[in-house]
Amino acid sequence: MCIRDRLSAADLVRRLSASSMGNHFQKPYAGDVCDPHLHFWDFESRPNPHHEGLKAKLPKWLPQDYLKAAGEIEDLEITSFVHVETIDEEDPEGETAWVMGLPQPLPYKIVCFVDLSLGTARDQCARQAALSESRGRAT
């Protein structure tokens, strides 16, 4: 669940414990959490062709904004995260480098974009894999 969503993780846990999980889940989870899917953006410093219409509507969302929002969730501690690319076909390695250049207060990994339909996909995979926080391999 993305921390940016208005239904907080604590609310979700309460709802699950009160309904579908019944007696198998007596109290809300309290502990370490890896957020498995999030995005950062700053349309002023890093434009994204897919989100031009959102530029005026969304304030920048950077690691410090994420941590502030995550800190509002009672009894959960975000200890790591996974940044998922936003499919910037024009400069996928630039997006990865931009995320890696942000101050990262927590351990993280990145899911990178590679267009597998291109003849250069193997080279793209190799370039993305060379970045220290990316995962995957070109074969």
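The legends below describe several close-up views of one predicted protein model.

**Figure 1. Overview of the predicted model and its confidence.**
Residues are numbered from 1 along each chain as its sequence is written, and side-chain values use heavy atoms, with hydrogens and water left out. Because this is a predicted model, local features need a pLDDT of at least 70 and side-chain atom pairs count only at pLDDT 80 or more, whereas totals for chains, interfaces and linings use all residues. The average pLDDT, which is the predictor's confidence in each residue on a scale from 0 to 100, is 77 for the protein, and 76% of the residues score at least 70. Over residues 1–7 the pLDDT is below 50, and in the model this stretch has 20 contacts beyond near neighbours in sequence, a contact meaning heavy atoms within 4.5 Å. The protein has 4 helices and 3 strands, where helices (H or I, at least four residues) and strands (E, at least two) are DSSP runs numbered from the N terminus. Read from the N terminus on, these elements follow the order α-β-α-β-α-β-α.

**Figure 2. Surface and interior of the protein.**
Of the 139 residues in the protein, 36% are buried; buried means under 20% relative accessible area, exposed means over 50%, and partly exposed lies in between (1.4 Å probe, protein chains only). The accessible surface comes to about 8,700 Å², and 55% of that surface belongs to carbon and sulfur atoms; such areas come from the Shrake-Rupley method with a 1.4 Å probe, and for residues only the protein chains shown count as cover. Among contacts between residues at least 6 apart in sequence, 66% join residues at least 24 apart.

**Figure 3. The open sheet of three strands.**
The 3 strands form an open sheet in the order β1-β2-β3, with parallel pairing; two strands pair if DSSP finds at least two bridges between them. Strands β1 (31–38) and β3 (108–111) stand at the edges with a single partner strand each, so one side of each is left without a neighbour in the sheet. From one strand to the next, the twist averages 25°. Strands of a sheet pair through backbone hydrogen bonds, either parallel or antiparallel.

**Figure 4. Strand β2 and its bridges to both partners.**
Strands β1 and β2 run parallel and are joined by 6 bridges, and within β2 the bridge partner of Leu38 is His83. Strand β2 (residues 76–84) also pairs with β3 in the parallel sense, over 4 bridges, and Tyr108 in β3 is the bridge partner of Phe81. Since 7 of the 9 residues of β2 are buried, this strand is largely enclosed by the rest of the structure.

**Figure 5. Helix α3 between the sheet and helix α4.**
Helix α3 (residues 92–101) packs on the sheet, where it touches β2 and β3, and its direction makes about 165° with that of β3. Helices α3 and α4 (residues 121–129) pack at an angle of about 10°, with their axes 10 Å apart; axes are lines fitted to C-alpha atoms, for helices over the stretch in contact, and angles run from 0 to 180 degrees between N-to-C directions. That angle makes α3 roughly parallel to α4, a description used for angles under 35 degrees, while those over 145 count as roughly antiparallel, 65 to 115 as roughly perpendicular and the rest as oblique. Pro92, Gly94, Glu95, Thr96, Trp98 and Val99 are buried in α3, and the buried residues of this helix pack against β2, β3 and α4.

**Figure 6. Gln124 where helices α3 and α4 meet.**
Pro92, Glu93 and Thr96 in α3 meet Gln124, Arg127 and Gln128 in α4. Gln124 is buried, with a relative accessible area of 7%, and, not counting residues up to four places away in sequence, Gln124 touches Glu93, Val114, Asp115 and Leu118.

Pro105, found in the loop between α3 and β3, counts as partly exposed at 48% relative accessibility. Leaving aside neighbours within four places in sequence, Pro105 is in contact with Pro63 and Leu67; the C-alpha atoms of Pro105 and Leu67 are separated by 8.5 Å, although the two residues are 38 residues apart along the chain. Leu131 lies in the segment after α4 and counts as partly exposed at 23% relative accessibility. With neighbours within four places in sequence again left aside, Leu131 is in contact with Thr96 and Met100, while Leu131 and Ala97, which are 34 residues apart in sequence, are 7.9 Å apart in space, C-alpha to C-alpha.
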